[in-house]
Amino acid sequence: MSIRVKKIGTEKATLFNKHFDKVYDYWKQKAIDEYNYHGELKLIKEHNKVIIYMIVDDVNQFTERPDWDEPLDDDDYNEL
């Protein structure tokens, strides 16, 4: 099973090493304020940068779209 994530920002790795708690709390609050996200953040270090992700819940794309459940009429085929 895969994990879906959304990138919300980057920081320098040295800043994370010196002030981890403050920087993590800053991004945690930003995720709450801007995205209304209350879960944990995922941090990935690459090339002296730390990329901050928030974990996104799985969304079943086929059940969220009610228009896909309705069959097309003959008139709908003419519009395509």
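Surface patches are here made of residues with over 30% relative accessible area and no salt bridge, nonpolar side chains being joined within 5 Å. In the predicted model, Ile 3, Val 5 and Ile 55 make a nonpolar surface patch of about 240 Å². Val 5 lies in strand β1, which spans residues 4–12.

Aromatic contacts were examined next. A pair of aromatic rings is described by the distance of the centres and the angle of the planes. Phe 16 is buried, because its relative accessibility is 5%, whereas Phe 20 is partly exposed, with a relative accessible area of 38%.

Phe 20 also pairs with Tyr 24. The centres of these two rings lie 5.7 Å apart, and the pair is classed as stacked because the planes meet at 25°, the cut-off for stacking being under 30 degrees. Both residues belong to helix α2 (residues 20–35). Phe 20 and Tyr 24 are separated by about one helical turn, because they stand four residues apart in this helix. Through these ring pairs, Phe 16, Phe 20 and Tyr 24 are linked into a cluster.

How values were computed. Residues are numbered from 1 along each chain as its sequence is written. This is a predicted model: local features need pLDDT of at least 70, side-chain atom pairs count only at pLDDT 80 or more; totals for chains, interfaces and linings use all residues. Side-chain values use heavy atoms; hydrogens and water are left out. Buried means under 20% relative accessible area, exposed over 50%, partly exposed in between (1.4 Å probe, protein chains only). Rings of Phe, Tyr and Trp (its six-membered ring) pair if their centres lie within 6.5 Å; planes under 30 degrees apart count as stacked, over 60 as edge-to-face and the rest as tilted. Helices (H or I, at least four residues) and strands (E, at least two) are DSSP runs, numbered from the N terminus. Patches are made of residues with over 30% relative accessible area and no salt bridge: like charges are joined within 9 Å, nonpolar side chains (Val, Leu, Ile, Met, Phe, Trp, Tyr) within 5 Å. Accessible areas come from the Shrake-Rupley method with a 1.4 Å probe; for residues, only the protein chains shown count as cover. A salt bridge is a side-chain nitrogen of Lys or Arg within 4 Å of a carboxyl oxygen of Asp or Glu.
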